Amino acid sequence: MLDDVVFWVLALLAVASGLMVFRFDSMARATYALLTSLLCVGGEVLLLGLDYLGVVIVLMMTIEMAIMAVFMVMYMMNPAGLMPMTMVHNTKGAAVICAVVFAVLAAGILLAPWPSRRGRPSADPTMDLGLSLMGPQMLTMMTLGLALFATIVATVVLATRRGRYDRFGDDLKARTADDPVRGGTVR
Amino acid sequence: MSLELFLLLAAALFSIGLFGALTQQSIVMLMMGLELMLGGIIVGAAAVWHYIAPEAADGQVLVVLAVTVMAVEMAIGFAVVTALFRAREVDMTDMAAELKE
């Protein structure tokens with residue numbers, strides 16, 4: 001009974017705050033609305049018995065939205081929402097597409113013959129996840145690790161101001177950079 | 001609670017996120033739509049694990065995958081916005097339509 005109440009509260013809050021993300025004029029409020037929605041997602045995952053993943057989602061989303069708020073203030077013209085602002089295109093067309101997508105998904109969910117539950121969750125699902133990632137799903141874990149490493153390299157390359165020609169000049173055979181300070185960090 | 005209810009919640013979050021991704025002109029707001037869509041996928045994967053195959057950890061691995069995709073999407077998205085803004089002072093999707101040139 002308590003689980004049902006928690007589910008409905010979190011579900012309604014997740015959907016309502018998800019809708020408000022695209023209704024607020026203030027970018028800061030939109031970020032916090034998204035944070036609320038994703039925290040509710042974390043709560044639903046906790047409700048399903050995935051304690052570790054639920055806590056990871058809650059912690060990650062809190063930090064992620066804090067970073068997103070900084071970028072919002074950096075790039076958006078109206079971060080505080082002091083004046084009405086719309087930066088959208090083709091709202092009606094998108095609304096129709098999304099309504100159709102939801103209707104198709106809902107029809108599939110309600111009409112599909114879902115298989116019955118096989119087995120019971122173990123006493124420690126987190127240990128199951130760890131054993132799976134270090135065993136049969138090792139390739140998945142290695143791919144994720146490599147993707148995260150590639151992301152770190154790619155973000156630094158994209159975000160840095162100086163490129164290859166700034167450091168080495170036009171000579172493609174140059175072996176040493178023309179840096180005033182070694183390491184290529186200052187110019 | 002049932003599998004269908006959780007999946008309907010996932011579908012609702014996915015659809016709302018899709019609406020944001022389709023309508024928003026700001027790249028940062030577009031990314032918020034993608035985050036909501038991934039949130040829906042997380043709820044769906046966790047529910048399928050719980051209600052269909054709780055013995056196998058594969059459903060949990062799918063959640064880990066979606067969470068990682070969220071982190072990668074945000075990091076790469078902000079780096080691209082930063083590079084784009086530095087190069088052309090652009091942070092809107094409509095103005096970034098000439099990336100290919």
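**Entry 1. Helices 2 and 3 of chain B**

I began with helix 2 of chain B and helix 3 (residues 58-88) of chain B, whose axes lie 8 Å apart and pack at an angle of about 175°. The model is a predicted one. I therefore noted helix 2 of chain B as roughly antiparallel to helix 3 of chain B, since angles over 145 degrees count as such. By class, the residues of this contact divide into 20 nonpolar, four polar and two charged.

**Entry 2. Helices 2 and 3 of chain A**

I then looked up the pair in chain A. Helix 2 of chain A and helix 3 of chain A have axes 8 Å apart and an angle of about 175°. That makes helix 2 of chain A roughly antiparallel to helix 3 of chain A. On the side of helix 2 I listed A:M27, A:T31, A:L34, A:L35, A:L38, A:L39, A:G42, A:V45 and A:L46. The residues they meet in helix 3 include A:D51, A:L53, A:G54, A:V55, A:I57, A:V58 and A:M61. I recorded 16 nonpolar, four polar and one charged residue for this contact.

**Entry 3. Helix 2 against helix 2**

Next I turned to the pair formed by helix 2 of chain A and helix 2 (residues 27-51) of chain B. Their axes come within 9 Å and cross at roughly 10°. The two helices are therefore roughly parallel to each other. Chain A contributes A:M27, A:A30, A:T31, A:L34, A:S37, A:L38, A:V41 and A:V45 to the contact. From chain B I noted B:M29, B:M32, B:E35, B:L36, B:G39, B:I42, B:V43 and B:A46. The classes are 12 nonpolar, three polar and one charged.

**Entry 4. The interface as a whole**

Finally I looked up the totals for chain A and chain B. Between them they bury about 6,600 Å², with 80% of it on carbon and sulfur atoms. A:F22, A:L48 and A:Y75 supply 13% of the area that chain A buries against chain B, which is more than any other three residues. The contact draws 74 residues from chain A and 67 residues from chain B.

Polar contact is counted for five residue pairs between the chains, both residues at pLDDT 80 or more.

On chain A, the elements giving two or more residues to the side that touches chain B are helix 1 (2-21), helix 2 (27-47), helix 3 (51-75), helix 4 (91-111), helix 5 (125-133) and helix 6 (138-159).

Terms used: Residues are numbered from 1 along each chain as its sequence is written. Chains are lettered from A and ligands numbered from 1 in the order in which they are written. This is a predicted model: local features need pLDDT of at least 70, side-chain atom pairs count only at pLDDT 80 or more; totals for chains, interfaces and linings use all residues. Side-chain values use heavy atoms; hydrogens and water are left out. Contact means heavy atoms within 4.5 Å. Buried area is the accessible area (1.4 Å probe) that two parts lose on being put together, summed over both. A polar contact is a pair of N or O atoms within 3.5 Å; within protein, one must be able to donate a hydrogen and the other to accept it, and residues adjacent in sequence count only if both atoms are side-chain atoms. Helices (H or I, at least four residues) and strands (E, at least two) are DSSP runs, numbered from the N terminus. Axes are lines fitted to C-alpha atoms, for helices over the stretch in contact, and angles run from 0 to 180 degrees between N-to-C directions. Angles under 35 degrees count as roughly parallel, over 145 as roughly antiparallel, 65 to 115 as roughly perpendicular and the rest as oblique. Ala, Val, Leu, Ile, Met, Phe, Trp, Tyr, Cys and Pro count as nonpolar, Asp, Glu, Lys and Arg as charged, and the others, Gly among them, as polar.
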